[in-house]
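Reader: I would like to learn how to read the domains, sheets, helix packing and chain contacts of a model. Could you take me through them?

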Amino acid sequence: MTNVSKIISIYAADTSGVCSALYELGGMTVVHDASGCNSTYSTHDEPRWYDKNSMIYISALTETDAIMGNDQKLIDDICSAAKELAPAFIALCGSPMPAMTGTDMNFAAEEIALVTGIETFAINTNGTHSYLYGAGQAFAKIAGNFCTERKKTDKMSVNILGATPLDFSLNGSIESIKKWLCENGFSVKTCFAMGSDLSEISHAPEAQVNLVISSSGIPAAKYFYDRFGIPFVAGVPIGKSFSETLAQNLKTAVKTGKCLFPASERISSDNGFIVTGESVYASSLAAAVTKDLSMPVKVLSTVSDSDDGSLAKGDIICRSEEELEKEFAKASLVIADPLFSPICPKGRFSALPHEAFSGRCFSKSIPNLINADISGLLTQGG
Amino acid sequence: MLKAIDQNIPSVNIAEARFPSPFRSGLEYNAPARGTWNIVHTGMLIPEAHQIFVCARGCLRGVILTAAEMNAMDRMSWVSVSENDLYDGTMEQDVIDGVTEILNRMEKRPPCVLLFLSCVHLFAGCDFKMIIERLGEIFPDVHFTDCYMTPTMRKTVTPDCLMRKQLYEPLKAVKKDTKTAAVIGCDRPTDKASELVGLISTAGFKLTDITECKTYGEYLDIAKSSLNITYIPAAKSAGDELEKRFGTKHLYIPLSYGYEEITDCCKRLCGALEIDTPDFSENIAKAEKSLKNALGIIGDTPIAVDYTATPRPLGLCRLLSEHGFNVKRCYADVFTDEEQNDFEVLARKFPDLEIFPTVNVKMRFAADCVQKEKYLAIGQKVAYFCGTDNFVNIVAGGGLYGFEGISKIAELMTDAFYEPKDRRTVIQYKGLGCESCL
């Protein structure tokens with residue numbers, strides 16, 4: 001069964017993806033939930049929680065309100081909090097219980113917007129999907145609601161789409177991506193959404209190209225492409241050779257207006273290395289390993305339900321613990337989060353912690369691989 | 001950037017506060033103090049038991065990573081509930097199939113499985129009894145216990161309270177040992193120097209406690225107890241349930257900080273142990289001396305107490321206030337009924353004691369407020385909110401009880417006054433007292 005695990009962890013949920021995506025934008029995000037979502041998110045999925053304030057709350061749904069369908073309490077409580085806190089926007093998302101009781105989140109959002117006069121939107125979550133699904137929708141909502149005009153175009157400017165600590169931790173990777181872009185002649189217009197505020201984000205349509213660094217950036221990238229014709233390139237500048245390829249692809253996209261997936265242009269191979277994780281990052285790492293270390297690699301996309309274009313032919317989507325164990329057994333080296341190690345053959349494992357899988361367990365040892373030498377991955381094995 | 005926010009953090013003087021809920025309910029914030037135990041920590045107290053959670057990904061994430069952080073993933077498995085599962089009428093079979101697959105893939109089966117279902121199962125009318133029976137038929141060598149991760153029902157029965165009750169469900173009726181007593185429902189050992197442990201020992205009783213059990217067999221032996229003692233409010237129903245199931249006498253002697261109440265509880269314990277009640281004047285004198293000594297060192301330093309440190313925060317505030325300490329704040333969103341008397345006394349004698357919430361939306365910004373005075377905190381949440389590294393790091397009473405417990409708290413306050421802690425690191429460890437990979 002794909003939904004059963006004997007010993008491995010589970011990826012962060014859609015609600016955490018929403019909160020993480022919106023964390024730095026000055027809005028108020030409310031998860032309609034009884035209790036668990038807030039502590040799970042703030043403990044395991046949000047490394048900024050202690051040091052950086054953000055208005056992330058739960059509705060504290062009770063048994064009685066769930067049974068009685070008392071959605072008015074949700075609306076009243078949000079309006080009351082919004083009056084006190086004056087957020088830039090209000091985002092509302094649901095957990096399993098509201099999904100079961102059929103709470104109309106879109107209606108609630110409309111009511112709240114009417115009462116408060118604050119831009120309010122609902123995000124379609126129910127706690128059963130991955131963080132990528134939640135963050136992807138959240139980024140798309142921000143783009144759709146706040147990036148509606150293109151007054152000018154800045155040459156060689158780029159937006160970074162799909163940045164959350166769930167995929168990039170707080171280890172300097174995002175700063176390194178920005179530096180790498182500048183070194184390659186680009187100016188960074190905005191970053192969705194680490195290090196950019198809402199007013200900066202509203203200038204995103206002025207960019208010439210979008211760099212999508214995780215699958216969560218794809219829905220917003222598609223919005224910018226459909227609305228303004230801004231092309232996107234999916235990939236993370238990992239290692240030296242693939243970073244050069246990615247920079248070249250960005251320039252090509254500016255020139256041609258075409259969307260590109262350079263990490264998928266490689267040959268996936270059985271019986272070599274296996275890289276697991278979020279598909280854009282994992283595929284980029286696979287491309288880097290192929291180019292820099294001349295090793296055959298296969299990507300096991302362990303988060304998404306479908307390929308967003310990042311995977312190479314031969315890569316697979318694999319979320320079942322049993323199937324993963326079989327695939328790992330065939331590999332000469334598995335590069336994966338340490339919480340996959342119990343199902344990996346001994347001596348053929350290289351730990352690459354991923355906050356979206358292991359939370360804060362190994363967050364101090366997540367390496368920054370941006371435009372860097374990646375040969376260390378071969379020596380971490382355990 | 002966040003807009004400038006009126007940082008007028010809500011609080012109310014106790015004289016004007018409503019009991020038991022001083023603040024209106026609303027959206028809730030979660031402070032980064034992680035020391036209190038959750039249902040995973042508690043379940044791990046049963047040696048050799050395996051936990052299987054069946055719920056949506058969002059709910060699984062927190063419990064799975066709780067186990068991961070305590071280096072116990074080999075005792076934790078899960079079955080995720082998908083969107084379709086919510087509506088297609090296969091909930092029971094999905095649970096049975098998932099658990100069966102997990103157990104069939106194990107090299108060695110555990111003696112006991114704690115099977116957790118969630119709010120959505122109960123709302124869908126899932127037949128948990130049938131699931132447990134069917135699994136028992138498939139795996140006759142495994143005991144399955146129904147457990148609940150149901151935060152939606154927290155206002156009626158808290159998941160914590162329910163977990164402490166189910167923690168003893170695997171016990172079976174055995175011949176009782178007339179000279180064995182058990183402390184039930186605590187998540188940490190009771191201080192061996194406390195009057196509670198001392199009296200049991202004086203009476204010639206052997207004391208058992210789940211926190212001290214190393215094997216599943218030792219755990220099952222808890223059922224031999226002829227006297228079950230609880231002193232944490234959340235544990236009371238566990239004692240009641242064991243009395244109902246096995247006829248074991250249950251004595252609830254609540255943790256408190258009032259000399260009269262402690263004496264009364266000790267008297268009741270002596271009665272149950274069939275021994276004479278000793279004279280506690282020396283114990284009281286020791287507590288008084290410890291408090292006096294602490295006051296001499298701490299002086300008029302402002303003190304704040306929170307509900308995570310002890311289930312009786314108002315009782316502790318009262319004890320300290322009546323002994324001359326400068327208790328200025330108590331952080332709690334709601335009080336238990338047991339606190340009513342202390343609430344009324346404090347409202348009368350110390351009306352300026354400020355009550356602060358912990359989950360109110362504005363508490364998100366409370367830690368940013370520069371405190372005019374440096375606080376001595378009792379509890380992790382209050383250490384965070386008051387921005388102080390001088391804090392007593394205990395949760396759920398810390399295993400302290402009686403007059404000896406008061407002496408120990410006074411000593412811990414003195415230690416905290418002299419020795420600051422790394423607040424940011426210490427309060428973020430999950431489940432105080434558990435192993436941690438952080």
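Reader: What conventions apply?

Author: This is a predicted model, in which local features need pLDDT of at least 70 and side-chain atom pairs count only at pLDDT 80 or more, while totals for chains, interfaces and linings use all residues. Residues are numbered from 1 along each chain as its sequence is written, and chains are lettered from A and ligands numbered from 1 in the order in which they are written.

Reader: Into which domains is chain A divided?

Author: Domain bounds come from an automatic or database domain assignment. For chain A the division is domain 1 (14-129), domain 2 (150-262) and domain 3 (267-378). Between the C-alpha centres of domain 1 of chain A and domain 3 of chain A there are 33 Å.

Reader: How is the packing of two helices described?

Author: It is described by the angle between their axes and the distance between the axes. Axes are lines fitted to C-alpha atoms, for helices over the stretch in contact, and angles run from 0 to 180 degrees between N-to-C directions. Helices (H or I, at least four residues) and strands (E, at least two) are DSSP runs, numbered from the N terminus. In chain A, helix H7 (residues 131-146) packs on helix H11 (residues 218-228) at an angle of about 30°, the axes being 7 Å apart. H7(A) is therefore roughly parallel to H11(A) (angles under 35 degrees count as such). Residues making the contact include A:Phe139 and A:Ala143 of H7(A) and A:Tyr223 and A:Phe224 of H11(A). By class, this contact has eight nonpolar, three polar and no charged residues. Here Ala, Val, Leu, Ile, Met, Phe, Trp, Tyr, Cys and Pro count as nonpolar, Asp, Glu, Lys and Arg as charged, and the others, Gly among them, as polar.

Reader: What is the strand order in the open sheet of four strands in chain A?

Author: Two strands pair if DSSP finds at least two bridges between them. The order is E7-E6-E8-E9 in chain A, and the pairing is parallel. Strand E7 (187-192) and strand E9 (232-234) of chain A are at the edges with a single partner strand each, so one side of each has no neighbour in the sheet. From one strand to the next, the twist averages 25°. Strand E6 (residues 157-161) and strand E8 (residues 209-212) of chain A pair over four bridges, with A:Asn210 as the bridge partner of A:Asn159.

Reader: Which helix lies on the crossover from E10(A) to E11(A)?

Author: A crossover is right-handed if, with the strands pointing away from the viewer, the path from the first strand over the helix to the second runs clockwise. Strand E10 (residues 268-277) and strand E11 (residues 297-301) of chain A are parallel, paired over six bridges. The chain passes from E10(A) to E11(A) through helix H13 (residues 279-293) of chain A, and this β-α-β crossover is right-handed. E10(A) also pairs in the parallel sense with strand E13 (residues 333-336) of chain A, over three bridges.

Reader: How many residues of chain B are in contact with chain A?

Author: Two residues are in contact if their C-beta atoms, placed from the backbone, lie within 7 Å. On that basis 58 residues of chain B are in contact with 57 residues of chain A. H2(B) gives the most to this side of chain B, with ten residues. The residues on this side divide into 28 nonpolar, twelve polar and 18 charged. Strand E1 (residues 4-5) of chain A pairs with E3(B) in the antiparallel sense over two bridges, and A:Ser5 stands opposite B:Trp78.

How values were computed:
Angles under 35 degrees count as roughly parallel, over 145 as roughly antiparallel, 65 to 115 as roughly perpendicular and the rest as oblique.
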